[in-house]
Amino acid sequence: MIRFIIPLIAVVLFFLEPVFSLFSPVTIADSQYTLVPRFVIVYLIFIAVYYSRQRAIIYGIVLGLLYDMYHIDIIGVYTFLYPVICYLATLMIRQVHRHIFTVMFLSLIMIALLEILSYFFASLIALTAIGFEEFLVSRLSPTMIANSIFVSMFGYFFKQLIDKRGLEKTGL
Amino acid sequence: MPRFFSNKRLILLLVGVIVLVALISFTLKDRQNATLPEQIVKDVVGFGQSLFSKPAHFLTGTLDKIDGILNTYEENKHLKARLKEYASTQAELADLRADNEKLRQIIGKEESLRDYSPIHATVISRNPDQWEEKIIIDKGEVEGVKLNMAVMTSSGLIGKVVLVTPFRSTVELLSTENRNFRVAVVIPGKESIFGLIEGYDRTRGELIMKRIDSDFDVKEGQLVQSSGLGGIFPKGLVIGEVTEVSTDDFGLTKLAYIRPAADFGMLDHVMVAKRSSVIVSGTDGEVAEEEEGEDGS
């Protein structure tokens with residue numbers, strides 16, 4: 001049963017991202033802050049760390065491809081970034097203890113990395129003209145705050161779920 | 001020091017990167033049209049997306065309603081004060097409309113730049129990595145949406161259609177940083193003041209109207225509408241209100257900041273305006289040059 005729930009949650013998160021981005025940009029005191037929901041990558045990092053790196057990379061490629069085709073219209077950006085982020089996450093988690101808080105913290109670092117990489121890509125192909133400092137203030141920091149709320153709310157739940165799947169697999 | 005990659009993996013990675021770079025450059029070239037696989041993915045994912053967006057809109061709609069009820073008394077007082085004014089304006093409008101139609105019949109001009117037929121649509125998603133200001137709506141080619149049609153809410157123009165698939169279409173918002181997104185606008189008055197909306201000031205949250213003849217006197221608070229002269233948008237769609245006037249970089253023409261009438265933040269229901277008179281392809285302000293080029297060849 002859990003076998004199907006794991007990819008299902010990835011798909012649900014994929015569909016929830018654009019719904020949450022409808023709330024953005026937020027205007028506080030006359031300046032605009034962009035919140036970018038990065039739910040899928042958080043979930044993929046949890047899968048990569050607690051379950052299987054290979055699975056995470058496959059999900060990353062499929063969801064990244066859908067993301068590119070549906071939203072970005074440039075195929076290849078997130079198809080590349082999602083698996084790479086998952087790969088880096090597993091390399092980094094090997095160096096530290098796999099406690100739930102370290103994984104949460106790791107996923108936040110990875111969100112920041114993903115944001116920075118996507119910023120470099122966007123400025124490379126001239127989708128955006130904002131400077132790095134403005135990017136840090138008006139985009140990266142609000143995104144980190146919003147996503148840390150998401151991670152702290154659902155991180156434990158993801159871990160429980162993925163652990164259950166792991167147990168089920170070894171039990172069989 | 002652990003080895004990052006084995007040889008086999010390294011080759012796989014390199015091949016993957018090459019394929020992806022090729023795909024990126026291939027898809028970057030032509031973003032106005034979607035290939036068949038792209039169209040299928042867009043429509044299928046778009047269908048799934050609607051299942052999530054519609055309940056979300058219902059929820060936010062309900063919250064808005066509760067919020068509305070809390071403010072009812074204040075609003076009612078305000079509206080009552082405006083009501084009398086409204087009735088007289090309404091009568092005048094009906095009169096002028098009839099007059100306009102009669103005069104139009106006399107000169108035998110039936111088509112107007114103003115005419116459009118609206119297609120109602122629901123916003124199902126916004127580009128989550130918000131490098132481009134794009135939304136996706138649940139109406140497509142089948143319902144009559146075409147490339148470059150104007151999209152608006154009840155309060156004003158918000159953008160234009162940039163990509164159409166059979167059941168969904170992508171709309172680029174006015175708040176884009178894309179320099180090729182221009183709108184021919186006019187400040188109506190005794191003397192109409194023409195200009196182009198070019199660019200968006202992110203920090204101010206305001207549109208920039210450029211190329212205003214410096215002879216004209218633009219005042220703060222004046223309303224800005226689409227002029228319909230660019231060949232893409234219908235005439236008379238409200239865009240916003242002038243907040244500040246200055247001269248442009250070269251000092252030859254004026255530049256005005258415009259606070260958009262429509263809110264680009266929480267979009268749910270939008271209208272796609274199907275212009276009745278001939279639509280030309282291209283971008284406002286660029287069409288003329290292209291057409292000339294074509295004629296010349």
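User: What does the UniProt annotation cover in chain B?

Analyst: According to the unreviewed UniProt entry, residues 123-273 of chain B carry the annotation "domain: Rod shape-determining protein MreC beta-barrel core". The model itself is predicted. Over residues 123-273 of chain B, the chain is 50% strand and 0% helix. The end C-alpha atoms of that stretch are 15 Å apart.

User: Which strands make up the closed barrel in chain B, and in what order?

Analyst: Six strands of chain B form the closed barrel, in the order E6-E7-E8-E11-E10-E9. Their pairing is antiparallel. Neighbouring strands of this sheet are turned by 45° against each other on average, with direction ignored.

User: What makes E10 and E11 of chain B a pair?

Analyst: Two strands pair if DSSP finds at least two bridges between them. Strand E10 (residues 238-247) and strand E11 (residues 253-260) of chain B share seven bridges. Seven meets the cut-off, so E10 and E11 of chain B count as a pair. The sense is antiparallel.

User: How many residues does each chain bring to the contact?

Analyst: Chain B brings 31 residues and chain A brings 34. On the side of chain B that touches chain A, helix H1 (7-29), helix H2 (36-70) and strand E1 (116-126) each give two or more residues. H2(B) gives the largest share, nine residues.

User: What kinds of residues lie on the side of chain B that touches chain A?

Analyst: They divide into 13 nonpolar, ten polar and eight charged residues.

Terms used: Residues numbered from 1 in each chain as written. Chains lettered and ligands numbered in written order. Predicted model: local features only at pLDDT ≥ 70, side-chain atom pairs only at ≥ 80, totals over all residues. Helix = DSSP H or I, 4+ residues; strand = E, 2+ residues; numbered from the N terminus. Axes fitted to C-alpha atoms, helices over the stretch in contact; angles between N-to-C directions. Contact = placed C-beta atoms within 7 Å. Nonpolar A, V, L, I, M, F, W, Y, C, P; charged D, E, K, R; others polar. UniProt positions renumbered as here; feature names shortened; annotations may be inferred.
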